[in-house]
Amino acid sequence: MRPDILAINQQTANRQAKDSVRSGSMKTLIWFVLLLNTLFFHACKNKDLDLYVESDKYSNASDFIGNNYNLSLFYAALKQADLLDMLKKEGPYTLFAPTNKAFNDLGIVRASDFAGMKQDSLRQLLLYHMLPRRLYTSDVPPNTIDNKYVNMMEKELFIGYKNQKACAECTLISDFYVNGSKSVLATQNIVLANGVLHVVDKVLKYNPTIQDVLNSKPEYSLFIALLKRMGDWNRLGEPANTTVFAPNNEAFEKAGITANDIAQLDPGKYGKRLSRVYLLYNHFFLSDMAIYGQLPGSGYYGSPYYRARIVGDELYYFGISANTPMEPFIIHSQAPEANTPLRISNFQPGYQTDYKADNGVVHGINGLLVLPEEALIKEN
Amino acid sequence: MKHKILNCPIFAVIALSFVFCVASCTKTEYRTVEDPAYIRVFNNLTYTLTLDNKEEAQPFFCMFIDPEFDASGKPIGGKAIGDFLDKRNIYAAPNAAHAGLSTSKYNPEYPGKELVPTAPILNGFDLTNWAQVPAGKRRFLFMARPISNVPFAQLPDEQQRKVFLDTIIDLSSREVYTLHILQKDFKTKENGLYVRQETFHKQAFSDTLTYVNFYNLSAKGFLQADLSQKLPVPGTTRSLRYGLLDTMNIFITHIQPSVNAAGATVQQRIPNFSYQYAGQMQRNIDAPKVTPYYGFPIFLQDKNKIYSDTWQYIQFFAPAIDPRTAVSYLEPPSVPGGLTEPAVKDGTFGYILMDHTQYAPSYYLNTFFPGLTVNVHSGTANPRTFGVVNSIEVVNGNAFLTTVQRKYPQPIY
């Protein structure tokens with residue numbers, strides 16, 4: 001705008017302002033203030049804002065499981081055990097839900113298979129999979145094992161969590177383990193209206209003692225006979241922890257050992273490793289090794305996942321090798337055989353491992369680690 | 001007239017600045033501690049959890065001094081809280097090395113990164129690494145906590161209830177204490193708090209000498225334990241890995257780097273300052289007591305220089321072994337290759353090298369440490385070497401160096 005016009009405009013504006021002040025300026029001001037007040041209060045529209053509503057869009061545990069094809073056998077089991085109504089209630093619950101595959105592994109393939117089971121024990125088994133609280137993976141410290149939470153059967157569940165991203169480009173490993181059963185990242189932390197659900201790949205198994213675990217499975221009859229003969233059976237009924245690597249009857253048959261041979265063994269003639277190689281005075285699930293990783297050293301047998309001296313036969317180690325699949329092995333502690341195992345075995349399939357008892361864990365293996373003739377005490 | 005004054009712009013400016021002036025006054029409340037004692041806390045538990053020792057607590061703590069508890073018995077506060085107390089560093093520097101520099105929450109010592117009132121300069125010694133706590137009987141509670149960035153109070157409830165150590169100690173007014181969380185028994189895995197009342201600020205130290213003393217704070221039965229049981233400790237000081245005998249003689253050899261005719265740096269020992277007997281180190285974790293300090297001169301570089309590049313080669317020998325006559329040990333500055341030396345395994349021999357050029361802080365526990373002197377920019381000299389007071393603590397196969405320095409003139413740029 002040209003400067004002269006600007007000056008004229010300004011003069012006009014000043015004149016107008018002076019006029020308005022003169023003509024009852026107070027009145028105008030009051031009106032303005034009132035108007036402003038009205039606008040001001042009008043702006044405060046007090047609407048009830050719901051910042052957080054417990055969503056009713058989430059389904060409850062019972063409905064979620066019922067609507068999930070991969071959990072149909074778990075649903076059938078819950079139905080058979082009359083637990084569905086409980087899972088509709090407020091909770092909160094944490095559920096470790098085994099997939100259909102996990103039930104198939106145990107020979108349960110259709111819903112009707114549960115009909116023949118005792119309702120009471122089925123109910124106990126299922127309550128064993130539930131915690132009376134919400135437990136998200138973030139509640140468990142990363143890269144730890146043995147976080148104990150009491151479940152709805154009032155037994156402790158041992159929870160491990162591996163959460164690791166070794167480098168910026170590496171894939172995130174986030175595995176959640178309960179008593180050795182694994183829940184992968186995609187199926188963890190499923191939010192329910194009344195809790196949280198983690199899908200696991202194995203049915204959790206529980207017996208009061210290790211003796212009960214072994215007695216409940218006919219395939220370990222020869223192993224039980226060996227333990228009894230060698231005087232190691234009683235420990236498995238006592239409270240002290242033992243992790244048992246149990247060879248099945250097939251393993252004994254492969255080695256040509258019969259029940260009769262075992263009955264005729266003279267325990268005094270054999271080194272303790274004949275039976276104790278299978279017993280660790282410890283308590284762990286196979287998944288614990290995946291979380292803690294290998295021991296320092298080199299080679300399959302030099303940097304194993306685990307290695308411990310055999311109690312009562314300390315020149316020998318029992319270990320679990322670093323190769324995949326992890327192999328249980330026995331090794332002599334002194335050179336020249338220090339890095340060559342005397343004998344190796346293999347684990348039975350995943351569903352035959354991680355049998356939890358109050359005094360330890362049982363893992364099935366499919367080969368013997370010590371043959372009787374190898375354990376003979378040599379007379380000098 | 002009045003009207004005029006009110007309309008005067010200068011008046012307005014003055015009035016406004018007066019308003020601003022009053023508004024900007026804030027009262028700073030300095031935290032003071034009545035009748036303080038000075039403490040520094042180290043966590044000496046360096047073990048990692050494996051399947052064999054998984055029942056032990058995670059050696060990562062939240063420390064409460066005079067804790068307060070909520071109705072359910074969970075500690076929620078106290079006179080002081082030191083969260084994220086991690087295992088200690090190989091080297092505890094004399095300056096406030098942690099203040100404002102670190103991006104990690106993990107604290108290698110207390111006070112370390114905690115913003116608490118620290119101790120003043122006592123008798124010339126800079127005690128910024130010691131925290132003030134009220135003197136008297138104080139309850140120290142160490143809660144084991146998982147290793148994570150989550151503050152203790154925000155952890156899930158069940159993880160705030162793992163008591164690791166709960167003890168009461170008596171702190172005297174204006175005394176300096178070093179506290180160590182130690183393993184007391186290697187077999188039973190019993191742990192305890194070791195409290196040492198320091199005396200360096202009361203001793204008549206010369207400022208042209210540098211001083212060092214030695215402690216063996218290893219657990220009972222560590223040396224005697226099976227070698228395989230000592231293995232899971234990652235990257236421990238190689239030469240001390242299997243432990244030392246309860247009584248060891250200490251010999252210090254001073255090494256002087258020089259440049260030879262070909263232009264290469266060679267490390268040579270100073271003949272008259274080789275194998276200097278520096279006293280005896282005895283294992284003692286039950287009756288904390290300051291051990292005698294051994295002093296040696298700062299070997300300044302030739303004429304008119306105030307900087308030293310000598311370093312110290314420290315050897316530990318079981319009594320009766322004399323390094324001047326024993327031929328089976330390499331002569332400093334040579335380093336024995338690996339652990340083939342039989343004596344390393346039976347605890348009759350060990351060595352550490354206080355060579356700052358080989359010291360790597362990122363390499364967690366190794367044989368090399370920064371020197372026993374401090375080189376800094378002070379006044380117009382850059383660098384200048386100062387004598388300091390050091391403590392070397394041998395704990396279960398690891399060695400740790402703690403250095404305390406005197407106040408020195410600030411640098412002039």
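Predicted model: local features only at pLDDT ≥ 70, side-chain atom pairs only at ≥ 80, totals over all residues.

Biologist: How many residues does each chain bring to the contact between A and B?

Modeller: Chain A contributes 15 residues and chain B contributes 11 residues. On the chain B side, six are nonpolar, three polar and two charged.

Biologist: Staying with chain B, is B:I39 buried or exposed?

Modeller: B:I39 is buried, because 24 other C-beta atoms lie within 10 Å and the cut-off for buried is 20 or more. B:I39 belongs to strand β1 (residues 36-43) of chain B.

Biologist: And what does B:I39 touch, leaving out residues up to four places away in sequence?

Modeller: The contacts of B:I39 are then B:W130, B:A131, B:V133, B:L171, B:Y177 and B:L179. The C-alpha atom of B:I39 is also 8.5 Å from that of B:E175, which sits 136 residues away along the chain.

Biologist: Over to chain A: which residues of helix α8 are buried?

Modeller: In α8(A), residues 221-230, they are A:L222, A:F223, A:A225, A:L226 and A:L227. Their cover includes α7, β10, α9, α10 and α11 of chain A. Just past α8(A), A:G231 has a positive phi of about 80°.

Biologist: Last one: what is the strand order in the open sheet of chain A?

Modeller: The order is β12-β13-β14-β15, with antiparallel pairing. Strands β12 and β15 of chain A are the edges, each pairing on one side only. β14(A) and β15(A) are joined by two bridges, and A:F329 faces A:I344 of β15(A).

Methods: Residues numbered from 1 in each chain as written. Chains lettered and ligands numbered in written order. Contact = placed C-beta atoms within 7 Å. Nonpolar A, V, L, I, M, F, W, Y, C, P; charged D, E, K, R; others polar. Pairing = 2+ DSSP bridges. Helix = DSSP H or I, 4+ residues; strand = E, 2+ residues; numbered from the N terminus. Buried ≥ 20, exposed ≤ 12 C-beta atoms within 10 Å, placed from the backbone.
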